[in-house]
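Got the viewer open and a selection tool handy? Let's take a walk through this one, stop by stop.

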Amino acid sequence: MVDDEELLELVEMEVRDLLSEYDFPGDDVPVIKGSALKALEGEPEWEEKIVELMDAVDSYIPTPERDTEKPFMMPVEDVFSITGRGTVATGRVERGQVKVGDVVEIIGLAEEAKSTTVTGVEMFQEGGRHTPFFSNYRPQFYFRTTDVTGVINLPEGVEMVMPGDNIEMNVELISPIALEEGTKFSIREGGRTVGAGVVASIQK
């Protein structure tokens, strides 16, 4: 661990400034100083810091409201065939609940819905890009169950977008699709989710 208190305070100030730069409440966010490595090695002082960190998460981050009363709906983003598991569909649950053994209907791309039984449920997160992108970047945009290639045009004066940046940008979809302001979407590249956003306005 770093023993220089002034250096630790300087790092904390820089982190808070960075959070404020991206419109987070940098001055109010709780900061817990600790060492995950030392905690894993069993040192009590740092184990307590992990407990303190999780207490801060529980008290500071509100529990999201989940629409669990409506019927289950999950737009399918991708489908894989895995040996020993069969067909695996991935996506984000937008409402309702599902558990192993439930019968669900697959709707779309065919006139009749197809029923299937849920044999497993897993939750995971994928990492985003690790390199910047520029204007004319052409990833896949996923709007609910529709995916379409879009050409990104960055705002004037913005040369590139670094991993972790928030940006307002213009996207020209190569095919017309049905969407509206406020529609959420994900951005995928090479089978990985690399970004997400919301439609702010539609230019005709």
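Start in the middle of things: select Phe133, Tyr137, Phe141, Phe143, Val148, Ile152, Leu154, Val161, Phe185, Ile187, Val194 and Val199, the 12 residues of the largest nonpolar core. Colour by element and you'll see β5 (140–143), β6 and β8 (184–189) each giving two or more residues to this core. Keep in mind as you go that this is a predicted model.

Stay with the core and pick Leu154, one of its members. Which residues does leucine 154 touch, not counting those up to four places away in sequence? Show Phe133, Phe134, Ser135, Glu159, Met160, Val161 and Met169 and you have the set.

Next, go to strand β6, residues 146–153, and select threonine 149. Is threonine 149 buried or exposed? Its relative accessibility is 16%, so threonine 149 counts as buried, the cut-off being under 20%. Now bring up glutamine 140: its side chain makes a polar contact with the side chain of threonine 149, at 2.2 Å. Beyond neighbours within four places in sequence, threonine 149 is in contact with Arg138, Pro139, Gln140, Glu172, Leu173 and Ile174.

Now for a hairpin. Select β1 (residues 76–82) and β2 (residues 86–91), which run antiparallel and are joined by six bridges. Isoleucine 82 stands opposite glycine 86 in β2. Three residues sit between the strands, and glycine 84 in this hairpin has a positive phi near 90°.

Time for some charges. Arginine 16 and glutamate 12 meet at 3.1 Å, N to O; both lie in helix α1, four residues apart, about one turn of the helix. Arginine 16 counts as buried, at 16% relative accessibility. At 33% relative accessibility, lysine 33 counts as partly exposed.

While you're in that loop between α1 (5–21) and α2 (36–40), click on serine 35. Serine 35 is buried at 11% relative accessibility, and its side chain reaches the backbone nitrogen of lysine 38 at 3.0 Å.

Last stop: helix α3, residues 44–60, where lysine 49 and glutamate 52 lie three residues apart. Their side chains form a salt bridge at 3.7 Å, N to O. Lysine 49 is partly exposed at 26%, and glutamate 52 is partly exposed at 37%.

Conventions. Residues numbered from 1 in each chain as written. Predicted model: local features only at pLDDT ≥ 70, side-chain atom pairs only at ≥ 80, totals over all residues. Heavy atoms only, no water. Buried < 20%, exposed > 50% of the residue type's maximum accessible area, 1.4 Å probe, protein only. Polar contact = N/O pair within 3.5 Å; in protein donor to acceptor, adjacent residues only side chain to side chain. Contact = heavy atoms within 4.5 Å. Pairing = 2+ DSSP bridges. Core = buried A, V, L, I, M, F, W, Y, C linked by side-chain atoms within 4.5 Å. Salt bridge = Lys/Arg side-chain N within 4 Å of Asp/Glu carboxyl O.
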